[in-house]
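Have the viewer open and follow along.

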Amino acid sequence: MWAARRRPLVWITDFADGYLARGRLWLEAQKPAKALTDLKQAISLQPDYAQAFASRAEAHLALNATDEALSDANLALGIVLVIIVLFLFMRRFRLMAIIA
């Protein structure tokens, strides 16, 4: 009865982190085409996911798609830079509030 309902212990369906993790595993297994599928899904679920863009750039490089790889790497870098600028702005604003 139970044998007919086999399921993996970890069921990855809707979460960007899960798709990223599985995409990274496909990259480590040297299957970049399969990695692209999961990494695209991670990005569609979380469009500001810098790690997913960076991993997708790696998958594109493995497939010799250098233009796509460069585009994804630039997107990942842009997202990280925005996060850094926001962090520094918030830190400065907080410091100014403490001084005043």
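Start with Leu-70, which sits in helix α4; helices here are DSSP runs of H or I at least four residues long, strands are runs of E of at least two, and both are numbered from the N terminus. Is Leu-70 buried or exposed? Leu-70 counts as exposed because its relative accessibility is 54%, where exposed means over 50% relative accessible area, buried means under 20% and partly exposed is in between, using a 1.4 Å probe and protein chains only. Its C-alpha lies 6.8 Å from that of Ala-57, a residue 13 places away along the chain.

A word on where the numbers come from. This is a predicted model, in which local features need pLDDT of at least 70 and side-chain atom pairs count only at pLDDT 80 or more, while totals for chains, interfaces and linings use all residues. Residues are numbered from 1 along each chain as its sequence is written, and side-chain values use heavy atoms, with hydrogens and water left out.

Now zoom out. Of its 100 residues, 27% are buried. Take the contacts (heavy atoms within 4.5 Å) between residues at least 6 apart in sequence: 42% of them join residues at least 24 apart.

Next, the inside. A nonpolar core is a set of buried Ala, Val, Leu, Ile, Met, Phe, Trp, Tyr and Cys residues joined through side-chain atoms within 4.5 Å. The largest one here has 16 residues, and Leu-39, Ala-52 and Ala-59 touch the most other members. Two or more residues come from each of α1 (16-28), α2 (32-45), α3 (50-62) and α4 (66-99), with α2 giving the largest share, 5 residues.

What does Leu-39 contact, once its neighbours within four places in sequence are left aside? The list is Leu-20, Gly-23, Leu-27, Ala-52, Ser-55, Arg-56 and Ala-59.

Leu-39 belongs to the buried set of α2, along with Pro-32, Ala-35, Leu-36, Asp-38, Ala-42 and Ile-43. The cover over those buried residues includes α1 and α3. With 14 residues, α2 reaches 20 Å from its first C-alpha to its last, close to the 20 Å expected at 1.5 Å a residue; the expected span is 1.5 Å times one less than the number of residues.

How do α2 and α3 pack? Their axes come within 9 Å and cross at roughly 155°. Axes are lines fitted to C-alpha atoms, for helices over the stretch in contact, and angles run from 0 to 180 degrees between N-to-C directions. The two helices are therefore roughly antiparallel, a label for angles over 145 degrees; under 35 counts as roughly parallel, 65 to 115 as roughly perpendicular and the rest as oblique. The crossing of α2 and α3 is left-handed, meaning that the near helix is turned anticlockwise from the far one by less than a right angle, whereas clockwise would be right-handed. On the α2 side, the residues that meet α3 include Leu-36, Leu-39 and Ile-43, and their partners in α3 include Ala-52, Phe-53 and Ala-59.

In α3 itself, Ala-50, Ala-52, Phe-53, Ser-55, Arg-56, Ala-57, Ala-59 and His-60 are buried. This helix has 13 residues and spans 19 Å between its first and last C-alpha, close to the expected 18 Å.

Then there is α1 against α3: they pack at about 25°, with axes 10 Å apart. That angle makes α1 roughly parallel to α3, and this crossing is left-handed. Leu-20, Arg-24 and Leu-27 in α1 meet Gln-51, Ala-52, Ser-55, Glu-58 and Ala-59 in α3. Buried in α1 are Ala-16, Gly-18, Tyr-19, Leu-20, Gly-23 and Leu-27, with α2 and α3 among what covers them.

Finally, check the loops. Gln-30, between α1 and α2, has a positive phi near 60° although it is not glycine, and counts as exposed at 69% relative accessibility. Asn-64, in the loop between α3 and α4, also has phi near 60° and is exposed, with a relative accessible area of 68%.
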